[in-house]
Amino acid sequence: MQQAGSNAKRSWDADRFRLRTLVNRLIEMGEVQVHEGPVSLSSLGPIIENSTCAHLFRQAGPDRHELVASVSGSRRRLAAALGVFEEDVKKRDHLMRAELARRHGNPQKAFEVPSSEAPVHEVVETGAQIDLTKLPFYVHHEYDGAPYISSGIDFTRDPLTGRNNVGARRLMLRGRDKAGINLTAPSDLRQIYLGCVARGEKLPCSFVVGSHPLYIMAAGSRGSGDELDTMATFRGEGLPVVKCLTNDLRVPADAEMVLEGYLDERGYIDHEGPYGEYMGFYGPMHGDPVFHVTAITRRKDILHHTYKHGYEIGRAHV
């Protein structure tokens, strides 16, 4: 990653890869059902899970959050995220593969920008201002163990190697400043965290909630390099990142919201789940770490984000 001040000041468009920018384009394409009136948090799950389209809720929950769901829930929407707008399915899929191959053949780097230039730092909440219960956590499936935010992208750094690690994990509401995460499957983050537990160390961690689908695609990929640079490569251009305010991690400066904090050193001491998995069954409750929130930063006009995790109902939507 290029550090601030290492090169001449670079210009970048804070809205080009913004989630809201893509959603507006999907609305023009007829891919999004817009709900203008108030919708309760308890109604979100059934609406989202029983539909193949994307949904934009203008007034979700008691705090009237603006929230979008299923932005990447079809190949047509994923193609739009890649800048491919061919309507013929075979041609479109070919163009998507070609575009991804082109980007992977031209690796990009992340570069750091100051906090004053980062839209995700427009609003900052710390200390007693932190209250996760005011965010649109909701019960996605009937027998979920608690309300969830499903669209988290986690950012950590291996304290032994200095390598930035990026993954994708849900967040289970545990209190005003605490959340559970699912860290049972083998992953780089699991190995990094177990090392911290063995040394009695907290692991700084930040979650981005609300970002371009290409970021989650990058988070789910595997590679040996710095994963901030992997995100830049999926974008097809440099990734602007900003230093968090309460830990030393870097996150995308154009995100909608960041939950800063750490995984505590006690290990797998809390229960997470059950949760309705994408294959159509419930994952069991299991022991997991606790994520402690030390700051919430966000855009002033934040667009909240949720994923559809349930299995597809009806015909395939391409």
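Which residues is I153 in contact with, leaving aside its neighbours within four places in sequence? The first close-up below answers this, and the others visit further sites. This is a predicted model, in which local features need pLDDT of at least 70, side-chain atom pairs count only at pLDDT 80 or more, and totals for chains, interfaces and linings use all residues. Residues are numbered from 1 along each chain as its sequence is written, and side-chain values use heavy atoms, with hydrogens and water left out.

**View 1. I153 and the largest nonpolar core.** Beyond its sequence neighbours within four places, I153 is in contact with V166, G167, A168, S206, F207, V208, S211, Y215, I216 and A219; contact here means heavy atoms within 4.5 Å. The largest nonpolar core has 33 residues, and I153 and F155 have the most contacts inside it. Such a core is a set of buried Ala, Val, Leu, Ile, Met, Phe, Trp, Tyr and Cys residues joined through side-chain atoms within 4.5 Å. Buried means under 20% relative accessible area, exposed means over 50%, and partly exposed lies in between (1.4 Å probe, protein chains only). At least two residues of this core come from each of β4 (110-112), β7, α6 (213-219), α7 (227-235) and β12. Helices (H or I, at least four residues) and strands (E, at least two) are DSSP runs, numbered from the N terminus. The largest share, five residues, is supplied by α6. A second, separate core of 25 residues includes F137, Y193, F207 and L263. As a general rule, in soluble globular proteins nonpolar side chains tend to be buried together.

**View 2. M257 and the residues it touches.** M257 sits in strand β14 (residues 257-263) and counts as buried, at 0% relative accessibility. Not counting residues up to four places away in sequence, M257 touches V120, L135, F207, V208, V209, I296, T297, R298, I302 and H304.

**View 3. The R75–D93 salt bridge.** A salt bridge is a side-chain nitrogen of Lys or Arg within 4 Å of a carboxyl oxygen of Asp or Glu, and by this rule the count comes to 34. In one of them, R75 and D93 meet at 3.4 Å, N to O. Because R75 lies in helix α3 and D93 in helix α4, the pair ties together parts that are 18 residues apart in sequence. R75 is partly exposed at 36% relative accessibility, while D93 is buried at 15%.

**View 4. Further salt bridges.** D248 pairs with R157, with the closest N and O atoms 3.7 Å apart. This pair links distant parts of the chain, 91 residues apart: D248 is in the loop between β12 (239-243) and β13 (250-252), and R157 is in strand β7 (residues 152-157). D248 is partly exposed at 42%, and R157 is partly exposed at 22%. R199 and E201 form another salt bridge (3.1 Å, N to O). Elsewhere, a network of salt bridges links D15, R18, R20, E36, R58, E66, E256, R299 and D301.

**View 5. Lining of the second largest pocket.** Of the 19 residues that line this pocket, R16, F17, A80, A81 and G83 are the closest to its centre. On a 1 Å grid over the protein atoms alone, a pocket is an open set of points where a 1.4 Å probe fits, with protein on both sides within 12 Å along at least five of seven lines; lining residues have an atom within 4 Å of a point. Helices α1 (19-28), α3 (75-81) and α4 (89-104) each supply at least two lining residues.
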